[in-house]
Amino acid sequence: MKTIDLRSDTVTRPTPAMRAAMLDAAVGDDVYGEDPTVNALQERLAGELGFEDALFVPSGTQSNLLAVMSHCERGDEYLVGMAAHTYKFEGGGAAVLGSIQPQPIVQAEDGSLPLDRVAAAIKPVDPHFARTRLLALENTWHGHVLALDYLAAAHAFAREHGLGIHLDGARIFNAAIATGVSARAIAQHFDTVSVCLSKGLGAPVGSVLVGSAPLIAKARRWRKVLGGGWRQAGMLAAAGLYALDHHVARLADDHRRAAHLAGCLREIAGLNLLGQYTNMVFVEVPPERLQALDSYLHTQGIRISVGYMPTLRLVTHLDVDDADIERVVQAFRGFFARG
Ligand SMILES: *Cc1c(COP(=O)(O)O)cnc(C)c1O
């Protein structure tokens, strides 16, 4: 029985065609800037998103950290959502490694940072305070797509207050596909954007940070300092290029499957469907039944993450097809029918 893993879109495995592309990749030493496939990936994403330069890095966590460390110096601060990945799920890296203080902002329901709250958090120029330098947003956030007019307003706000603006765009292509705009139309409102290749795009490893040439030069230096300078990384970059060619448009399938799953779960008594946003479905299950549900789904070859989020998050991705969704629906029905 095939295991259906709904814990995250990070669990995808490279397809045979992606593996073939990796095997065939031309490589060189990327610390010397000589890996042709890494260079091609960087040039491609910089061009596609409308930036001067780009940097291929091992993870989204490192990409966001490099962005924060490139915008900010020691003693500076960045404004970031209280539940944003860049604040909550990255080990406090900006503070630990950059001596950069986060200023968390309570987010709106959709993940946006209300600009009046952001304005109130900007520190005066005074030796008492950290220097506020950067606004960091996330799109999609828990699957939610931030509205383009909000992004435009945040961009204008950042300019007005002399702040840099960074996007954790781990799932920027989900946002683009869901709204029918180009990723560039989203990215144009930012100075730097971090894109994950290893989420819904299905590459085994890697993120890309795009930005101006000076910011990416700083990020490249910090990547080396962090031990992230890599050598024949072209085999990994080839997977990223393959993903950009073949796995972007198909994100619509993930969104369609998530919507279908949500529609079926909504009909089941005993659980509470909270919502579906792009490739994520959020479900509330009575806390006392959560472990039993998890165990039951295990016997049906279905994996979910329990206990990490306050609610259950089910994520669709490259390795989940229509038949898998039917199996998941049947399993949920089976469990809740037992009362
Ligand atoms: C996964 C993720 C990251 C970090 O990516 P890793 O490669 O796991 O370090 C950053 N931001 C968001 C929104 C993510 O979902």
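The largest nonpolar core in this predicted model has 52 residues, where a nonpolar core is a set of buried Ala, Val, Leu, Ile, Met, Phe, Trp, Tyr and Cys residues joined through side-chain atoms within 4.5 Å, and buried means under 20% relative accessible area with a 1.4 Å probe, protein chains only. Among the residues with the most contacts inside this core are Ile 172 and Phe 173, and the largest share, 6 residues, comes from helix 11, residues 234-246; helices here are DSSP runs of H or I, at least four residues, and strands are runs of E, at least two, numbered from the N terminus.

A word on the source: residues are numbered from 1 along each chain, and side-chain values use heavy atoms, without hydrogens and water. Because this is a predicted model, local features need pLDDT of at least 70 and side-chain atom pairs pLDDT 80 or more, while totals for chains, interfaces and linings use all residues.

Let us turn to helix 8. Its buried residues are Ile 172, Phe 173, Asn 174, Ala 175 and Ala 176, and what covers them includes helix 2, strand 6, helix 11 and helix 12.

How do helix 8 and helix 12 pack, and at what angle? Helix 8 (residues 172-179) and helix 12 (residues 251-266) pack at about 75°, with axes 9 Å apart, which makes helix 8 roughly perpendicular to helix 12, a label for angles of 65 to 115 degrees. On the helix 8 side, the contact (heavy atoms within 4.5 Å) is made by Phe 173, Asn 174, Ile 177 and Ala 178. Just after helix 8, Gly 180 takes a positive phi of about 70°.

Conventions:
Buried < 20%, exposed > 50% of the residue type's maximum accessible area, 1.4 Å probe, protein only. Axes fitted to C-alpha atoms, helices over the stretch in contact; angles between N-to-C directions. Parallel < 35°, antiparallel > 145°, perpendicular 65-115°, else oblique.
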